[in-house]
Amino acid sequence: MSLTSAEVYQRNAVESRKRDVSCMLARVRGELDAAGASARHFAAVGQGLHVRRAELEGELQALAASGVAGLTDDWGKYSALELAAQGERYPAKALTYDWLVVHPTATFLETAGELERLMLEARTAVGRPWLLWRADGLLREWQANAVARGLVAPNTWEAFRDYLLAIGKDAALGGML
């Protein structure tokens with residue numbers, strides 16, 4: 001049986017396409033095998049990581065429950081000193097605002113005196129007769145911040161005092177209520 005040249009070309013084309021498809025199929029099968037092996041590997045790794053995380057979380061909880069403070073427990077966002085100062089400042093700031101509402105024409109010195117008195121009452125360390133922050137310095141700092149942010153003009157106590165009274169207690173205290 002003799003083949004015509006058209007038949008030879010057709011058979012060669014089919015044979016060539018079979019080789020191409022076989023190569024592509026082998027590549028896809030290899031990629032699927034690799035993907036399956038990878039999935040099994042990462043599943044084992046993931047399971048091991050979950051076990052390790054549970055162990056470490058348990059150890060951390062046991063250390064926290066032991067009641068023994070570490071060296072760095074006070075070295076965070078706020079130091080022990082700042083937390084003590086906040087314990088003086090925040091309650092006194094709120095009470096001073098209430099006092100200022102009753103005394104809307106109070107001078108800077110009168111307001112600083114009232115803030116200082118209230119901060120002394122709110123001291124967090126028993127027996128400490130001094131404040132961690134001076135009341136007049138805090139008032140000046142708060143006023144300077146308001147001026148710098150463009151909330152108060154001119155830079156006078158009267159303007160700052162009137163601004164505080166106009167915005168209300170929650171806003172004046174920075175939302176700490």
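Trp-157, Ala-159, Phe-160, Arg-161 and Leu-164 are the buried residues of helix 5, where buried means under 20% relative accessible area, exposed over 50% and partly exposed in between, with a 1.4 Å probe and protein chains only. Helices here are DSSP runs of H or I with at least four residues, numbered from the N terminus. The buried residues of helix 5 pack against helix 2, helix 3, helix 4 and helix 6, with contact taken as heavy atoms within 4.5 Å. Just after helix 5 comes Gly-168, with a positive phi of about 95 degrees.

A quick note on the basis: this is a predicted model, in which local features need pLDDT of at least 70 and side-chain atom pairs count only at pLDDT 80 or more, while totals for chains, interfaces and linings use all residues. Residues are numbered from 1 along each chain as its sequence is written, and side-chain values use heavy atoms, leaving out hydrogens and water.

## The largest pocket

The largest pocket holds about 420 Å³ of space. A pocket is an open set of points on a 1 Å grid over the protein atoms alone, where a 1.4 Å probe fits, with protein on both sides within 12 Å along at least five of seven lines; lining residues have an atom within 4 Å of a point. Its volume is the space filled by probe spheres set on the points.

Of the 21 lining residues, Lys-93, Trp-142, Phe-160, Leu-164 and Ala-172 lie nearest the centre of the pocket. Helix 5 gives the most to this lining, with 5 residues, and helices 2, 3, 4, 5 and 6 each supply at least two. The lining divides into 15 nonpolar, 4 polar and 2 charged residues; Asp, Glu, Lys and Arg count as charged, Ala, Val, Leu, Ile, Met, Phe, Trp, Tyr, Cys and Pro as nonpolar, and the others as polar.

## Salt bridges

There are 8 salt bridges in the structure, each a side-chain nitrogen of Lys or Arg within 4 Å of a carboxyl oxygen of Asp or Glu.

Lys-169 and Asp-98 pair at 2.8 Å, N to O, linking distant parts of the chain: Lys-169 is in helix 6 and Asp-98 in helix 2, 71 residues apart. Arg-53 and Glu-57 form another salt bridge, at 3.9 Å, N to O; these two are 4 residues apart in helix 1, so about one helical turn separates them.
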